[in-house]
Amino acid sequence: MNYAIETRNLNVYYGSNHVIKGVDLKIPEKGVFALMGPSGCGKSTMLRTFNRLIELNESARVEGEVRLFGENIYSPDVDPIEVRKQVGMVFQYPNPFPHLTIYENVAIGLKLNKLLPKDEIPKRVEWALKKAALWDEVKDRLDDYPSNLSGGQKQRLVIARALAMKPKILLMDEPTANIDPVGTAKIEELLFELKDEYTIVLVTHSPAQAARVSDWVAFLYLGKLIEVGPTRKVFENPEHELTEKYVTGALG
Amino acid sequence: MRKLLDIGIEQMKKMIGEMANGSVEALESARKSIEGDFDSTEEISSRLHIMRSDVLELATELLVRYSPVARDLRFIQSAIDVSYDLYRISRYAMEIERTARIVKGPVELSKKAFPLTEEAVRLSVDAFRELDETLVGRLFELDRIIDNYYLRSLEALNENPEKAADALIMRHLERISDHAKEIGARVVYIIEGRRI
């Protein structure tokens, strides 16, 4: 099997605080891979090692390897900016640029990185908005500002912004934590549509969401990888007692 | 959240326990019928039919409300199956009584197999009640023995058509033992997540 992401003895420290403890994880190409665990287990930290965003935190130190499609992104010769071009990221709070229009929000990455000739950008924006299942709702108001969108629409706009860059991997850090149930359902349906073409890593604190949308799931607890496997297997018959307690709501 | 699901599962255990008592009672009643003492097996079976619907309703409610997973999910899935097994056991017991009433003839093999079948049903309901998989091996052994009696009853029928009652009753006992074995398999599934 080909792996989109592979960590080898991954350790992360914030100062003297050891938050990820020797994790070996293999994330297969294409599909939804959920990282679940209680608050503070290290799942968001781990996600941030997959695009070297963790380095923006000055106290963070990473040891071990993270391989994207076989290449260790922590090698000295690797430019983190290049890594981030192939790894899109969506955060818990929808963060479109408020001063840019809907259109500009999607086009901005392409323009700044000069990824496409100018005349091809409108086509790519439309493609990305369609991929993000937002086109029909915004096609007549592309010059409007994101403040006039609902929370769920803003989040899909952010997803469109990420998709416009044609990444191979999409990292999502609790993308529905602040979205209403209808918006959440739309984003979950979108994940289902996208997973045939992208490797999606979804951080969630909700075992129910991991069960609904993921193909594989890993359970992290206190910085350690406790269990990983196909979602159906982990939710029907977890191997580890801690996983059993977590998914049944008996932990803590 | 956790506690509410636990309350539902406890209630389900109680319902399955009542169904288990009913199926044992139905089988005892069927045994008496082959000795000429006809009782209320049909009534017991009708009661279990209603109880099975109640188990299904509760299972649906728990699935919808709490999205159970892991052992909770395996228990609820299994309780649905076991409620069906117990209902079928009572139904076969009822059929035995009807057969005994209508078809006359010697029933020697059935008389031998009856206590073994009752043992199988009792063991299966104990295994499920206590979630004790150590009892499952004996269930499989009993199923083999009872199956053997059934085959012998068919062979005997070949030689002597008067043994039809024995073969018909043995057929029901074999099915009952099969359901008891299935209940045992469910116990293993709940505990280990392994389907046998």
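Me: Two residues are in contact when their C-beta atoms, placed from the backbone, lie within 7 Å of each other. Among contacts in chain A between residues at least 6 apart in sequence, what percentage join residues at least 24 apart?

Reply: This is a predicted model. In chain A, the share of such contacts that join residues at least 24 apart is 68%.

Me: What are the overall dimensions of chain A, and what percentage of its residues is buried?

Reply: The C-alpha trace of chain A spans about 55 × 45 × 35 Å along its principal axes. A compact globule of 252 residues would have a radius of gyration near 18 Å, and chain A agrees because its own value is 18 Å. Buried residues account for 43% of the 252 residues. The secondary structure of chain A consists of 10 helices and 10 strands.

Me: How should I read the sheet of six strands, and what is the strand order?

Reply: The general idea is that strands of a sheet pair through backbone hydrogen bonds, in either a parallel or an antiparallel sense. In chain A, six strands form an open sheet with mixed pairing, in the order β6-β7-β8-β3-β9-β10. Its edge strands are β6 (87-90) and β10 (224-230), each of which pairs on one side only. From one strand to the next, the twist averages 15 degrees.

Me: In which sense do β6(A) and β7(A) pair, parallel or antiparallel, and which helix lies across them?

Reply: β6(A) pairs with β7(A) (residues 169-173) in the parallel sense, over four bridges. Within this pairing, Met172(A) in β7(A) is the bridge partner of Val90(A). Helix α6(A), residues 151-164, lies across both strands and runs at about 170 degrees to β6(A).

Me: Where is Met165(A) placed, and is this residue buried or partly exposed?

Reply: Met165(A) sits in the loop that joins α6(A) to β7(A). A residue is buried if 20 or more other C-beta atoms lie within 10 Å of its own, and exposed if 12 or fewer do. Met165(A) has 18 such neighbours and therefore counts as partly exposed. Leaving aside residues up to four places away in sequence, Met165(A) touches Lys85(A), Gly88(A), Gly109(A), Leu110(A) and Leu115(A). Its C-alpha atom is 23 Å from that of Ser147(A), a residue 18 places away along the chain.

Me: Which residues of helix α3(A) are buried, and what covers them?

Reply: An α-helix has 3.6 residues a turn, so residues three or four places apart point the same way. In α3(A), residues 102-112, the buried positions are Ile102(A), Asn105(A), Val106(A), Ala107(A) and Leu110(A). Their cover includes α4 (121-131), α5 (135-138) and α6 of chain A. After α3(A) comes Lys114(A), with a positive phi near 50 degrees.

Me: Which strand forms a hairpin with β1(A), and which strand does β4(A) meet in a hairpin?

Reply: β1(A) (residues 3-14) forms a hairpin with β2(A), with two residues between them, and Gly15(A) in the turn has a positive phi of about 60 degrees. β1(A) and β2(A) (residues 17-28) pair in the antiparallel sense over eight bridges, with Val12(A) opposite Ile20(A). Eight bridges also join β1(A) to the antiparallel strand β4(A), residues 60-68; here Glu65(A) is the bridge partner of Arg8(A). β4(A) in turn is joined by two bridges to the antiparallel strand β5(A), residues 71-72, and Leu68(A) stands opposite Glu71(A). The hairpin of β4(A) and β5(A) has two residues between the strands, and Phe69(A) takes a positive phi near 50 degrees.

Me: How is the packing of two helices read, and at what angle do α2(B) and α3(B) pack?

Reply: Two packed helices are described by the angle between their axes and the distance between the axes. For α2(B) (residues 41-66) and α3(B) (residues 70-102), the angle is about 170 degrees and the axes are 9 Å apart. Angles over 145 degrees count as roughly antiparallel, and α2(B) is therefore roughly antiparallel to α3(B). Among the contact residues are Leu48(B), Val55(B) and Leu62(B) of α2(B), and Ile80(B), Tyr87(B) and Met94(B) of α3(B). By class, the contact has 15 nonpolar, five polar and four charged residues.

Me: How many residues does each chain give to the contact between chains A and B?

Reply: Chain A gives 12 residues and chain B gives 10 residues. On the side of chain A, α8 (207-213), α9 (231-236) and α10 (241-247) each supply at least two residues. The largest share, three residues, comes from α8(A). This side of chain A has seven nonpolar, three polar and two charged residues.

Key: Residues numbered from 1 in each chain as written. Chains lettered and ligands numbered in written order. Predicted model: local features only at pLDDT ≥ 70, side-chain atom pairs only at ≥ 80, totals over all residues. Pairing = 2+ DSSP bridges. Axes fitted to C-alpha atoms, helices over the stretch in contact; angles between N-to-C directions. Rg over C-alpha atoms; globule rule 2.2 N^0.38 Å. Nonpolar A, V, L, I, M, F, W, Y, C, P; charged D, E, K, R; others polar. Parallel < 35°, antiparallel > 145°, perpendicular 65-115°, else oblique.
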